[in-house]
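Here are my notes on the model you sent over. Have it open while you read, as I go through it point by point.

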Amino acid sequence: MVTKEEDNFLRVVYLNNQAGTTALRRYFDNVHPNLLSDLSSPTNISILSNLYKPPRGQKRVLYPEQWNILYPSSGSRAVSSIDLDVTLMVCLLRNLQPAVARPVNGFDVLPHSNDLSPGAHIARIKYYKNFIVSHSKDGKLPDNDFNTIWIDMEMAINGLGNKQDVIDATDAKTKVLDHKALQEQVNIQQNHKRLNEQSVELAEYSVELAEHSGQNSKTGNSCIFKEFEDELIHSTVLDKEVLDYLISKCIILLDDREDINICTDQSSRNQNLLKLLSHRPYNTLGMLVEAMEESDQKCHTLLLANMVAKVPDNDLTLPQLPHKDEISGNPIFK
């Protein structure tokens, strides 16, 4: 049996996930009635590419999962707004032409109640979607907070949606809810957020490792790989277990997999992987050896022995990545 405060929280989840998201999607379709054409525009492709793979020092906005939704593999169904969640719709609305006017305090802050612009309504729905995820561990909402959020959300739904969306929002206040199903939705959103955060942390840690490692330069990597290049390219399979291992250690990133798998033949995929490794600003030969020893490529005993001979002993063990303590949030090493 849920308490009144737990029901308040899950009722806001329902309002946001149903009427709020539907109203936002309806507005999105009015701004981008031909989404496929907009995504195909060279200008918009350039904008989204910079959000997906930003210049060094800038924050990534789009992640591989989101990029694959916008630009699915050939033969897949064309993308439509029904495929987009709140985060992705807001990202496109604020970045693609015709871009929605930015509210006074931006899209990432809860707007003042007297700001009734479309941008402010979008910011409200985005804000409370994030609020739900960040408060999911507690899962409770006092009546005063519930009433404030409800007024804000109804304002946004009325501003972005149609009459049916407004009716649905009104009905949501008294509707009998499936509390278990709603809690599962919250858990999924929380897990998705955690995975994105971990992906960012791993990528940042990989960069830090590269910057602080002065043992080998890019030129050194290239020379070492050149010695074994022919056999690695033509006699091994590096795009399966080896690649998975390197990704798990954050030596290769998930979106690098796309650049490797774009090739149609095994040798070219191997060559692409080696090219990525050789241009890392730290020693990657030891990491490749470790990956091969852990994979089905350990059968190449002579090749591995020759490669091991080129790797200093202290480079054969990959450093442990930091994990965050669940309570303090501080990094710990295992």
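1. Ground rules. This is a predicted model, in which local features need pLDDT of at least 70, side-chain atom pairs count only at pLDDT 80 or more, and totals for chains, interfaces and linings use all residues. Residues are numbered from 1 along each chain as its sequence is written, and side-chain values use heavy atoms, with hydrogens and water left out.

2. The chain overall. The protein chain has 15 helices and two strands; these are DSSP runs numbered from the N terminus, helices being H or I with at least four residues and strands E with at least two. Of its 334 residues, 41% count as buried, where buried means under 20% relative accessible area, exposed over 50% and partly exposed in between, with a 1.4 Å probe and protein chains only. The accessible surface comes to about 18,200 Å², and 53% of that belongs to carbon and sulfur atoms. Those areas come from the Shrake-Rupley method with a 1.4 Å probe, and for residues only the protein chains shown count as cover. Take the contacts between residues at least 6 apart in sequence: 69% of them join residues at least 24 apart. Contact here means heavy atoms within 4.5 Å.

3. H1 on H8. Helix H1 (residues 4-31) and helix H8 (residues 163-172) have axes that come within 10 Å and cross at roughly 180°. That makes the two helices roughly antiparallel. On the cut-offs, angles under 35 degrees count as roughly parallel, over 145 as roughly antiparallel, 65 to 115 as roughly perpendicular and the rest as oblique. Axes are lines fitted to C-alpha atoms, for helices over the stretch in contact, and angles run from 0 to 180 degrees between N-to-C directions. H1 brings Arg 11, Tyr 14, Leu 15, Ala 19, Thr 22, Ala 23 and Arg 26 to the contact, and H8 brings Asp 165, Asp 168, Ala 169 and Ala 172. By class, that is six nonpolar, one polar and four charged residues. (Ala, Val, Leu, Ile, Met, Phe, Trp, Tyr, Cys and Pro count as nonpolar, Asp, Glu, Lys and Arg as charged, and the others, Gly among them, as polar.)

4. What does H11 pack against? The buried residues of H11 pack against helix H12 (254-261), helix H13 (266-278) and H14. In H11, Val 242, Leu 243, Tyr 245, Leu 246 and Ile 247 are buried. Just after this helix, Cys 250 takes a positive phi of about 65°. For context, most residues other than glycine have a negative phi.

5. H11 with H12. The axes of H11 and H12 come within 10 Å and cross at roughly 155°. The pair is therefore roughly antiparallel. Leu 243, Asp 244 and Ile 247 of H11 meet Leu 254, Arg 257 and Ile 260 of H12. The class count is four nonpolar, no polar and two charged residues.

6. H11 with H14. Helix H11 (residues 241-248) packs on helix H14 (residues 285-293) at about 125°, with the axes 8 Å apart. These two are therefore oblique to each other. From H11, Val 242, Tyr 245 and Leu 246 touch Met 287, Leu 288, Glu 290, Ala 291 and Met 292 in H14. Seven nonpolar, no polar and one charged residues make up this contact.

7. Tyr 52. This residue lies in helix H3 (residues 42-52) and is buried at 3% relative accessibility. Leaving aside neighbours within four places in sequence, Tyr 52 contacts Arg 60, Leu 62, Tyr 63, Pro 64, Trp 67, Asp 255 and Glu 258. Tyr 52 and Asp 255 are 203 residues apart along the chain, yet their C-alpha atoms are separated by 9.4 Å.

8. The H5-H6 loop. Pro 98 lies in the loop between helix H5 (86-95) and helix H6 (118-134), and the peptide bond from Gln 97 to Pro 98 is cis, with omega near 0°. Pro 111 is in the loop between H5 and H6 too, and is buried, with a relative accessible area of 10%. Not counting residues up to four places away, Pro 111 touches Ala 120, Ala 123 and Arg 124.
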